[in-house]
Amino acid sequence: MTHFSKPNVLHIGVLIALVALFFVLPPYHAGNLSRIMVLTIYAMGYNILFGYTGLLSLGHAMFFAAGMYGFGLATNLGGVPLPIAFIIGVVSAGVLAAVVGALALRTVGVAFMIVTLMFAQTAYLIVLYFGKYTRGDEGFVIQQAQRTFAGFDLTSETGRYVTALILFSICFLGLAHLVQTPFGKTLIAIGENEERARMLGYDTTIHKLKAIIISGVVAGVAGAAYAMLFGYVGATFATVQYSILPLLWVLLGGAGTTVGPLIGVFFMFYLIDFSSSVTTAYLLVVGVVLVLLTMFAPKGLCGELRRRVFPWLP
Amino acid sequence: MVAVNILETTGLTKQYGEIFANTDVDFTLPAGKITALIGPNGAGKSTFVGMVSGRTQATRGRVLFEGKDVSHLPAHKRIQLGIAYTFQITSVFAGLTVHENVALAARRTFKGDASALDAKVQAALTRVDIADRANQIAGDLAYGHQRLLEIAMGLAQDPKVFILDEPTQGLAESEIVNFIALIMSLAGETTILLIEHNMKVVMEAADFITVLDHGQILAAGTPAEISKNSAVQAAYLGKSNA
């Protein structure tokens with residue numbers, strides 16, 4: 001594979017576009033885009049597990065929340081320096097993913113969905129139970145003074161955008177590379193036909209566990225980044241809604257595609273943004289659009305593009 | 001029989017509830033030969049090779065591979081030892097290219113060596129004569145070509161024992177002729193355990209035949225011995241002609 005292969009050009013093009021957009025967009029939209037990039041990291045983590053490995057988790061909010069609370073509590077209660085707090089957040093998510101994965105992988109199919117859902121619900125209740133520290137539903141704010149790094153203010157519009165873009169780029173290129181490696185191809189094979197992969201001599205359980213850990217770590221990066229850049233940590237992010245959102249984003253954008261998660265988050269974000277400026281019944285609009293998309297583009301926007309126009313789409 | 005046995009089973013039994021799919025099967029697979037496993041529908045052939053490959057958990061009994069007891073190994077460990085398995089129902093990775101399908105099969109043995117892997121994939125695809133379709137999506141292939149792809153995926157693993165579960169099912173007559181030539185060319189390189197309904201294939205290709213009926217071995221021997229065996233004629237050939 002050459003360095004100028006179409007997928008590589010596409011990935012670099014996406015990053016260049018995101019850099020350019022910062023200079024072009026008015027502040028409101030640039031702010032939105034920072035948020036979109038962080039949420040896309042979350043969606044990309046989800047995509048590794050759902051889109052490539054074929055495991056449908058309904059509990060990813062717990063990994064996002066683990067990253068968020070790992071970072072937030074370390075900063076707020078521990079007074080830990082920002083980069084270390086960030087690592088604590090990511091490691092928390094990874095450890096949680098390893099434990100939950102090891103247990104949940106004893107089940108398959110619908111049972112796997114339910115078990116992950118239940119674990120996430122437990123995680124949410126734990127956040128509420130330790131309300132003394134987590135401040136429960138109300139959540140807590142991370143002070144501006146704690147959100148600077150090496151003299152760089154992460155609360156400024158530029159600071160946010162640059163940080164979000166850097167983290168996004170690392171995850172985006174890293175995961176795009178991962179799915180091209182033999183390990184990534186094996187995950188895709190497991191997603192396609194697990195029994196066949198097993199009968200080619202692959203330990204599919206270990207592969208699936210690794211996929212869950214990678215997926216959880218990336219979700220944790222997103223959770224920690226969200227708290228770091230937007231300064232708020234709250235139990236809402238551990239609710240089932242935040243487990244369903246990445247599924248929707250990935251389905252809309254195109255499961256098992258590298259740019260699908262970005263398209264999905266972007267589309268959904270602006271669909272809500274636009275429809276809520278027009279009508280108070282914006283959820284109705286969102287619902288109708290989602291139904292139409294699933295009817296006419298069941299493989300998501302990128303999946304449909306790949307099927308019809310660009311078969312090389314990674 | 002003077003041949004060395006690469007694979008043996010003793011007392012291999014599978015019980016589903018009250019039903020015995022296989023009862024105390026003592027089976028030997030001579031190395032480097034083609035052995036066919038035949039029997040009427042429901043005789044327990046697929047269950048038997050499932051237990052050999054590890055796909056199906058045996059209720060009791062032992063599987064010896066190269067003299068070592070592999071009864072407690074999970075399927076992927078047995079495959080890693082050198083047992084390749086092709087599915088009765090075509091089971092390729094439909095969304096991936098033909099090349100990637102075979103690469104997935106071969107990659108375990110070629111970790112990190114991309115050019116050797118490529119050569120292996122090419123060789124396997126050439127052997128089954130679908131090298132010109134390497135970049136097609138496997139799911140888009142015609143049925144016969146998918147079956148050949150399955151066999152290429154097995155070959156690419158350089159198996160010591162190659163289990164083929166009804167490989168000619170659904171193939172056209174002309175494709176079957178090619179298939180017989182293909183597996184006969186493999187004899188000596190590998191050991192083949194062939195589950196097959198098509199008697200022409202069995203009689204032409206097999207060195208030895210084992211007949212299963214009601215989950216038990218009814219007879220075992222060369223094609224000539226089996227075709228003369230009256231118990232086999234009564235239980236199997238007679239019934240299937242009816």
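1. Two residues are in contact if their C-beta atoms, placed from the backbone, lie within 7 Å. By that rule, among contacts in chain A between residues at least 6 apart in sequence, 76% join residues at least 24 apart. In chain B, residues 24 or more positions apart account for 66% of the contacts with a separation of 6 or more.

2. This is a predicted model, in which local features need pLDDT of at least 70, side-chain atom pairs count only at pLDDT 80 or more, and totals for chains, interfaces and linings use all residues. Residues are numbered from 1 along each chain as its sequence is written, while chains are lettered from A and ligands numbered from 1 in the order in which they are written.

3. On confidence, the model scores ipTM 0.86 and pTM 0.89. The mean pLDDT of chain B is 87, and 96% of its residues reach 70 or more; pLDDT is the predictor's confidence in each residue, from 0 to 100. Where pLDDT is low, the predicted coordinates should not be read in detail.

4. Chain A has 14 helices and four strands. Helices (H or I, at least four residues) and strands (E, at least two) are DSSP runs, numbered from the N terminus. The C-alpha trace of chain A spans about 55 × 45 × 45 Å along its principal axes. A compact globule of 314 residues would have a radius of gyration near 20 Å, and the 19 Å of chain A agrees with this. The radius is taken over C-alpha atoms, and the globule rule is 2.2 Å times the number of residues to the power 0.38.

5. Of the 314 residues in chain A, 45% are buried. A residue is buried if 20 or more other C-beta atoms lie within 10 Å of its own, exposed if 12 or fewer, and partly exposed in between, with C-beta atoms placed from the backbone.

6. Helix 11 of chain A (residues 241–253) has 13 residues and reaches 18 Å from its first C-alpha to its last, close to the 18 Å expected at 1.5 Å a residue. The expected span is 1.5 Å times one less than the number of residues. Among the buried residues of this helix are Y242(A), L245(A), W249(A) and L252(A). Their cover includes helix 2 (27–52), helix 5 (109–129) and helix 12 (260–278) of chain A. After helix 11 comes G254(A), with a positive phi near 125°.

7. Chain B has nine helices and ten strands, and 43% of its 242 residues count as buried. Its C-alpha trace spans about 50 × 40 × 40 Å along the principal axes. For 242 residues, a compact globule would have a radius of gyration near 18 Å, and chain B agrees at 18 Å.

8. Chain B is assigned domain 1 (5–82 + 159–241) and domain 2 (93–158); the bounds come from an automatic or database domain assignment. The C-alpha centres of these two domains of chain B lie 25 Å apart. Nine residues of domain 1 are in contact with nine residues of domain 2 in chain B. The domain 1 side divides into six nonpolar, two polar and one charged. Here Ala, Val, Leu, Ile, Met, Phe, Trp, Tyr, Cys and Pro count as nonpolar, Asp, Glu, Lys and Arg as charged, and the others, Gly among them, as polar.

9. Between the chains, 14 residues of chain A are in contact with 17 residues of chain B. On the chain A side, helix 8 (182–192) and helix 9 (194–198) are the elements that give two or more residues. Helix 8 of chain A supplies the largest share, six residues. The chain A side divides into six nonpolar, three polar and five charged residues.
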